[in-house]
Amino acid sequence: MFRRLAPFMLAAGLAVAPALAVGVTSAPAGATQPASGALPKVTGAIGSAPRISFPNAKPPTKLVVVTLHKGNGPKVAKGDLIITNYVGAVWRGSVFDSSFKRKVPFGTPIGVGQVIPAWDKGLVGQTVGSRVLLVAPPVDAYGSAQSAPPGLSKSDTLVFVVDIIASYGEHPKLPTDVTRVSSGTAGVKVTGAPGKEPTITISKKAPVPSSAKVTVLDAGHGPKITPGLLVFEVLAKAWTGQTLESSWTSSPQAADAGIKANPTLLDPLVGKRLGSRILITSPGNSSSGLPPYAAVVDVFAEYR
């Protein structure tokens with residue numbers, strides 16, 4: 001169902017997506033009107049794991065979107081990175097996924113085909129702080145996907161209860177109160193003012209990394225990073241100078257750090273401070289075709 005990071009980071013093994021990570025072949029635009037008829041009952045306070053009970057009825061044949069609690073935060077826009085907690089269940093079946101159970105929120109770009117159509121249709125336009133019920137018939141779940149995750153089928157109607165914790169659009173304000181520590185490492189130089197898009201220059205004589213290395217460029221003065229979900233801007237370049245990925249042209253990204261069940265290359269950031277600019281150099285991943293690269297990560301928020 002979900003993807004957490006841009007393609008180059010997925011190939012690098014920077015994060016392992018949840019058990020339901022599959023691509024969708026389409027994400028139709030526009031929200032549908034809630035269908036009539038019996039709907040699941042949701043109990044539990046927002047911010048805590050909801051409980052879903054089902055009526056003795058057939059599932060709706062059209063997407064249902066119900067705002068159970070309307071938050072007073074900003075509206076979620078197409079292309080935003082949203083931070084959520086959620087529970088997903090099969091209609092009249094069991095819960096198959098829960099970020100509440102994992103105790104780590106989930107971040108994803110929304111409205112751009114990175115998640116199943118029900119999420120793209122039902123969450124764009126909602127406000128931060130809201131709890132939303134989504135009842136997704138197969139066409140808005142995995143019916144249009146190449147395959148369904150283990151334990152689910154392409155014919156399942158899925159039900160989600162989603163708490164929208166935060167939403168980040170293009171170019172959020174980044175911390176500028178930092179202490180310069182380094183300008184790079186081993187033939188890799190990083191320039192650019194704090195809070196602005198950096199420039200990475202890789203010398204033609206720079207040795208190709210033999211292992212991943214983390215270098216703090218600007219030390220932030222925010223709280224120390226603990227295991228959880230990090231939100232950051234990233235610019236990554238191949239050792240040849242080609243740009244592999246830049247969140248600076250879209251929205252920020254999110255990934256786990258310090259989560260034992262989901263090790264990532266951001267794990268060494270635990271203990272460092274929010275607001276920092278950090279350089280990651282890596283030999284890449286030959287099995288996925290990813291070349292050696294240098295990535296500058298500006299970490300500015302954490303959720304847990």
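Predicted model: local features only at pLDDT ≥ 70, side-chain atom pairs only at ≥ 80, totals over all residues.
Among contacts in the chain between residues at least 6 apart in sequence, what percentage join residues at least 24 apart? The share is 73%.

**Whole chain.** Select the chain and colour by secondary structure: three helices and 18 strands are assigned. Of the 304 residues, 51% count as buried.

**Asp177.** Now select Asp177, found in the loop that runs between strand S8 (158–168) and strand S9 (178–180). Is Asp177 buried or exposed? Its relative accessible area is 55%; because the cut-off for exposed is over 50%, Asp177 counts as exposed. Display the residues around Asp177: leaving aside those up to four places away in sequence, Asp177 touches Gly220 and His221. Gly222 is 45 residues from Asp177 along the chain, and the C-alpha atoms of the two are separated by 9.2 Å.

**The sheet S10-S11-S12.** Move on to the three strands that form an open, antiparallel sheet in the order S10-S11-S12. Strand S10 (184–185) and strand S12 (199–202) each have a single partner strand and stand at the edges, so one side of each lacks a neighbour in the sheet. Finally, centre the view on S10 and strand S11 (residues 188–191), which pair in the antiparallel sense over two bridges. Select Thr185 here, and Val188 in S11 will be found opposite.

Key
Residues numbered from 1 in each chain as written. Heavy atoms only, no water. Helix = DSSP H or I, 4+ residues; strand = E, 2+ residues; numbered from the N terminus. Buried < 20%, exposed > 50% of the residue type's maximum accessible area, 1.4 Å probe, protein only. Contact = heavy atoms within 4.5 Å. Pairing = 2+ DSSP bridges.
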